Amino acid sequence: MPTSVTMPALGESVTEGTVTQWLKKEGDTVEVDEPLLEVSTDKVDTEVPSPVAGVLLKIVVPEDTDVEVGGELAIIGDPSEAGGGEAPAPAPAQEPLPEPEESQAEAPEAEEPKDEAAQAADAAKAASSSTASGTEVRLPELGESVTEGTVTTWLKAVGDTVEVDEPLLEISTDKVDTEIPSPAAGTLLEIRVAEDETTEVGSVLAIIGSGDAAPAASAPEPKPEPKAAEPTPAVKSEPEPAAAPAKAESTPTAPAPAAPEVAEAPVAAAPAVAAPAASKPSGSYVTPLVRKLAADNGVDLSSVTGSGVGGRIRKEDVQTAIDAKKAEAPAPAAAPAKAAPAPAEVSPLRGRTEKMSRLRQSAAKALLQSMQTTAQLTTVREVDVTKVAKLRAAKKDEFLARHGVKLSFLPFFSIAAIEALQQYPIVNATMNMEEKTITYPEAEHVGFAVDTPKGLIVPVVKDAGDLNIPGLAKRIAEIAKKARDGGLTPDDLFGPTFTITNTGSVGALFDTPIVPVGQSAILGTAAIVKRPRVINDPELGEVIAVRSVMHLTLSYDHRLIDGADAARYLEAVTKRIEEGNFEHQLGL
């Protein structure tokens with residue numbers, strides 16, 4: 001009897017993993033506990049061993065694919081059971097895509113999507129279910145307290161052909177923005193939830209079926225006039241050639257038209273083929289955000305090399321191309337002795353009204369709730385960071401070579417802040433007015449505010465008190481990158497006990513940050529500037545010297561934390577930083 005190999009539990013808060021490499025291929029003989037594949041998670045990279053001896057009959061999840069804990073990875077059985085697992089010959093029938101609806105309706109082509117849909121259903125039962133008309137795409141659970149999501153963009157249109165795990169749409173929730181992949185291969189038969197509509201977790205978003213289920217959608221195609229009718233590939237494809245040059249906003253509505261659409265609209269055939277070729281490379285999915293960034297800055301995506309999985313073009317790749325163009329631009333302008341200052345760039349948002357994102361709505365509600373339900377007070381200290389600045393300058397190159405991450409000031413300040421939390425746990429505590437209790441957490445789970453194109457996001461470093469400076473520097477860099485790339489998971493945002501915000505990164509002298517809901521304090525680190533200060537010299541006594549100084553601001557809930565508690569906490573942080581004794585924690 002065949003044995004299913006599933007994704008094991010690899011940590012208390014790990015909910016999924018990525019298949020990075022298969023060590024065996026279908027048909028190989030494997031022994032008990034022999035490594036089958038390598039899996040990567042947020043916390044660990046490891047091998048998954050075979051639970052039984054036999055033959056690897058089927059690989060369910062390909063490389064570079066995410067799968068939830070408990071999801072099926074492969075099937076192992078006796079060699080005699082391998083015969084029925086081979087795919088039937090009709091697979092090549094899917095090649096002739098230029099034939100329009102007739103090729104999609106042929107029975108042989110429908111076989112392959114059905115097989116792939118069955119594979120996807122095994123790996124993502126929570127996100128979809130099979131019905132007589134096709135496979136339902138449901139809104140999955142996207143966090144412990146997330147009950148609904150808003151459809152921000154459909155990346156596919158009704159009638160489009162989709163593959164397993166190909167992104168179908170983008171969803172925005174209170175905590176994270178993410179793409180929803182297709183659980184099956186086939187044709188997008190129906191869209192149940194339109195863009196900008198909010199729907200509950202578990203509700204049906206769309207229906208995926210095989211090509212032979214599409215005639216109802218394709219019938220109106222010869223008559224493009226009735227736009228109120230059920231959307232079809234022909235209706236979708238006609239506006240694209242005119243809309244793409246008109247506005248950058250129109251580009252997200254042109255998700256890689258399939259070849260059948262060109263054949264069905266002869267009049268628009270030439271522009272429909274030419275426009276996508278200029279905007280993105282063939283066969284590579286590009287998110288609407290990346291397409292808009294490229295369009296706004298005149299970057300031809302066909303000339304950009306993607307650094308993502310499978311060559312996928314990411315925002316960073318486009319930004320690199322933009323920076324390269326800007327670096328080349330000043331050369332011709334070098335001729336004049338004194339060039340006139342360039343005019344300030346005017347934002348395209350000037351004069352516009354647009355809908356608030358779910359992230360902005362959530363932040364607005366949470367910040368207002370915090371100000372209305374807590375008694376907030378801010379205490380400020382000036383700190384001499386000269387010793388830390390000298391140590392960082394002397395060790396940053398060695399640190400980068402040894403640990404592969406830049407040494408910024410933030411890990412030093414964070415270590416000092418976390419050690420002070422351990423001395424004064426009231427700053428890390430929470431209160432419950434109804435039960436009249438105070439809870440002191442047994443660990444320091446520190447949130448770090450990150451400025452992203454979508455707004456302020458605060459991912460969390462769990463058990464930050466267990467990390468040294470290299471460990472903290474790596475985790476801060478990792479979560480900041482995931483926040484800017486849109487790769488955060490709900491677990492990355494859950495459970496902070498204290499927050500640090502580095503407004504000094506954009507030059508702020510100091511500010512009074514708002515305490516996040518569910519916490520009692522937040523520490524702000526400001527810009528480091530040169531200032532004359534009176535210091536005690538062992539030989540000269542009190543002298544004035546130029547020093548590197550900054551402000552630390554602690555905002556806190558005065559109902560729980562007294563002013564004296566806040567002052568003692570900041571005194572401990574200040575003393576630790578001014579001593580500058582961090583060299584033993586650099587791991588060099």
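Which side chain meets Glu190 in a salt bridge? Arg192 does, at 2.9 Å, N to O. Notes on this and other features follow.

1. **Basis.** This is a predicted model: local features need pLDDT of at least 70, side-chain atom pairs count only at pLDDT 80 or more, and totals for chains, interfaces and linings use all residues. Residues are numbered from 1 along each chain as its sequence is written, and side-chain values use heavy atoms, with hydrogens and water left out.

2. **Salt bridges, overall.** The search of the whole structure returns 18 salt bridges. The criterion is a side-chain nitrogen of Lys or Arg within 4 Å of a carboxyl oxygen of Asp or Glu. The classes are: buried, under 20% relative accessible area; exposed, over 50%; partly exposed, in between (1.4 Å probe, protein chains only).

3. **Arg533 and Glu382.** These two form a salt bridge with the closest N and O atoms 4.0 Å apart. Arg533 sits in strand S27 (residues 529-537) and Glu382 in strand S18 (residues 376-384), so the pair ties together parts 151 residues apart in sequence. Strands here are DSSP runs (E, at least two residues), helices are runs of H or I with at least four, and both are numbered from the N terminus. Arg533 is partly exposed, with a relative accessible area of 23%. Glu382 is partly exposed at 37%.

4. **Asp565 and Arg568.** Here the closest N and O atoms are 3.1 Å apart, in a salt bridge. Both residues lie in helix H15 (residues 563-579). They are three residues apart, about one turn of the helix. Asp565 is buried, with a relative accessible area of 17%. Arg568 is partly exposed at 41%.

5. **Negative patch.** Glu16, Asp66, Glu68, Glu141 and Asp165 gather in a surface patch of negative charge. Patch members have over 30% relative accessible area and no salt bridge; like charges are joined within 9 Å, and nonpolar side chains (Val, Leu, Ile, Met, Phe, Trp, Tyr) within 5 Å. Asp and Glu count as negative, Lys and Arg as positive; His and the chain ends are not counted. Each charge is placed at NZ of Lys, CZ of Arg, CG of Asp or CD of Glu. Asp66 belongs to strand S7 (residues 65-68). Its relative accessibility is 46%, so Asp66 counts as partly exposed.

6. **Strand S7.** In a regular strand the side chains alternate between the two faces of the sheet. Along S7, Thr65 and Val67 point to one face and are buried. S7 pairs with strand S2 (residues 16-22) in the antiparallel sense, over four bridges. Pairing requires at least two DSSP bridges between the strands. Glu16 stands opposite Glu68 in S7, and both belong to the negative patch.

7. **Four-stranded sheet.** An open sheet runs in the order S1-S8-S6-S3, with antiparallel pairing. Strand S1 (3-6) and strand S3 (29-30) stand at the edges with a single partner strand each, so one side of each is left without a neighbour in the sheet. S3 pairs with strand S6 (residues 54-59) over two bridges, in the antiparallel sense. Val30 stands opposite Gly54 in S6.

8. **Positive phi.** Asp33 is not a glycine, yet has a positive phi of about 70°. Asp33 lies in the loop between S3 and strand S4 (35-40). With a relative accessible area of 56%, Asp33 is exposed. Asp64 also has a positive phi, near 65°. Asp64 lies in the loop between S6 and S7. Asp64 is partly exposed, at 44%.

9. **Nonpolar patch.** Leu367, Met371 and Ile514 make a nonpolar surface patch of about 240 Å². Accessible areas come from the Shrake-Rupley method with a 1.4 Å probe; for residues, only the protein chains shown count as cover. Leu367 is placed in helix H10 (residues 358-373). Leu367 is partly exposed, with a relative accessible area of 39%.

10. **Asn432 and Gly518.** The two are 86 residues apart in sequence and 10.0 Å apart in space, C-alpha to C-alpha. Asn432 is in strand S19 (residues 430-432). Asn432 counts as partly exposed, at 29% relative accessibility.
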